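Work through the exercises below with the model open. Each task is followed by a solution in steps.

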Amino acid sequence: MEQYRDFAFIYDELMNDVDYDKWVDYVEEIIKKEGAQVQNILELACGTGNMTIPLTKKGYDIAGIDISREMLEVALEKAEKEGVELVLLQQDIAELDFDVENLDCVLCACDGFNYITYDDDLENVFTKVHELLKPGGIFIFDISSYYKLSEILGNNIYGENREDVAYMWRNCFDPEENLVEMELAFFVKDEDGKFDRFEEIHQQRAYTEEEIIDILSDSGFEDIKVYSDFEFESPKEDSERLFFVCRK
Ligand SMILES: C[S@@+](CC[C@H](N)C(=O)[O-])C[C@H]1O[C@@H](n2cnc3c(N)ncnc32)[C@H](O)[C@@H]1O
């Protein structure tokens with residue numbers, strides 16, 4: 001069962017509590033703090049362009065990659081409405097194939113790498129990112145923490161009943177494989193007021209901070225910094241989002 005197919009068309013509605021302006025500001029603060037010179041950005045798992053569009057508006061030259069045709073379709077529709085031109089590619093980042101080198105920055109926001117469930121695949125992406133960056137280029141990404149995936153989302157069940165969309169979301173955490181399987185059932189109101197039902201199964205890998213650092217090091221990155229929850233502090237045991245910043 002594919003991920004981010006029908007879900008793509010309600011993704012933004014369900015993410016409307018996420019403050020993407022704050023996210024963009026935080027990424028720019030990281031760039032500034034690092035003293036990195038950034039004009040071009042390759043954004044991995046860009047989804048519906050929630051970071052891509054505002055960053056383009058700020059004047060960066062950005063290309064976005066995502067595996068989901070539907071997420072990219074929504075990104076393009078939004079960009080057109082806002083008069084922004086986007087460069088988007090449909091691709092599995094586990095087999096990243098991008099032919100522009102000497103990039104200033106590679107970015108991956110909001111869980112993209114949690115969807116890469118095998119260490120080897122993650123190392124392939126990180127190695128390719130290392131190859132694509134210019135010397136001194138900056139790699140910025142975040143993941144949902146091991147704590148969040150194992151303890152908070154863990155084996156929980158969520159549900160919401162909005163006016164036009166309702167969903168049920170059941171999780172199962174496998175501590176041997178460190179995988180959360182998420183069964184999602186959505187009910188979306190159509191033009192006649194009837195609800196269409198569709199389901200998706202998502203799988204996310206829970207990585208520890210140390211695992212990610214090891215894979216980054218094996219991929220050639222040095223001077224790896226880890227922040228948490230949109231601050232410039234080291235992660236605590238109960239931090240939910242870890243930000244990794246490293247240079248080539
Ligand atoms: C939680 S969404 C984040 C989207 C966007 N970055 C944002 O902040 O709104 C995760 C995204 O990862 C993409 N994704 C998952 N696995 C992927 C893969 N192997 N290659 C490329 N994109 C992938 C999904 O299609 C989805 O758009």
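**Exercise 1: Two domains**

The C-alpha centres of domain 1 and domain 2 are 24 Å apart in this predicted model.

Task: state which residues belong to each domain.

Solution. Domain 1 is made of two segments, 8-144 and 208-247. Domain 2 covers 148-204.

**Exercise 2: The interface**

Task: describe the contact between domain 1 and domain 2 by residues and by area.

Solution. 
- Step 1. Count the residues: eleven of domain 1 are in contact with 14 of domain 2.
- Step 2. Take the area: about 1,200 Å² is buried between the two domains, and carbon and sulfur atoms give 56% of it.
- Step 3. Find the main contributors in domain 1: Ile10, Leu14 and Tyr115 lose the most area to domain 2, together 42% of what that side buries.
- Step 4. Assign the domain 1 side to its elements: helix H1 (residues 8-14) gives the most, with three residues.
- Step 5. Sort that side by class: three residues are nonpolar, four are polar and four are charged.

**Exercise 3: The ligand**

Task: which of the 18 residues around the ligand come nearest?

Solution. 
- Step 1. The nearest are Tyr20, Ala45, Asp66, Asp92 and Ile93.
- Step 2. For Asp66, a polar side-chain atom lies 2.6 Å from a ligand oxygen atom.
- Step 3. For Ile93, a polar backbone atom is 2.9 Å from a nitrogen atom of the ligand.
- Step 4. Ala109 also has a polar backbone atom 2.9 Å from a ligand nitrogen atom.

Key. Residues are numbered from 1 along each chain as its sequence is written. This is a predicted model: local features need pLDDT of at least 70, side-chain atom pairs count only at pLDDT 80 or more; totals for chains, interfaces and linings use all residues. Side-chain values use heavy atoms; hydrogens and water are left out. Domain bounds come from an automatic or database domain assignment. Contact means heavy atoms within 4.5 Å. Buried area is the accessible area (1.4 Å probe) that two parts lose on being put together, summed over both. Helices (H or I, at least four residues) and strands (E, at least two) are DSSP runs, numbered from the N terminus. Ala, Val, Leu, Ile, Met, Phe, Trp, Tyr, Cys and Pro count as nonpolar, Asp, Glu, Lys and Arg as charged, and the others, Gly among them, as polar. A residue is near a molecule or strand if one of its heavy atoms lies within 4 Å of it. A polar contact is a pair of N or O atoms within 3.5 Å; within protein, one must be able to donate a hydrogen and the other to accept it, and residues adjacent in sequence count only if both atoms are side-chain atoms.
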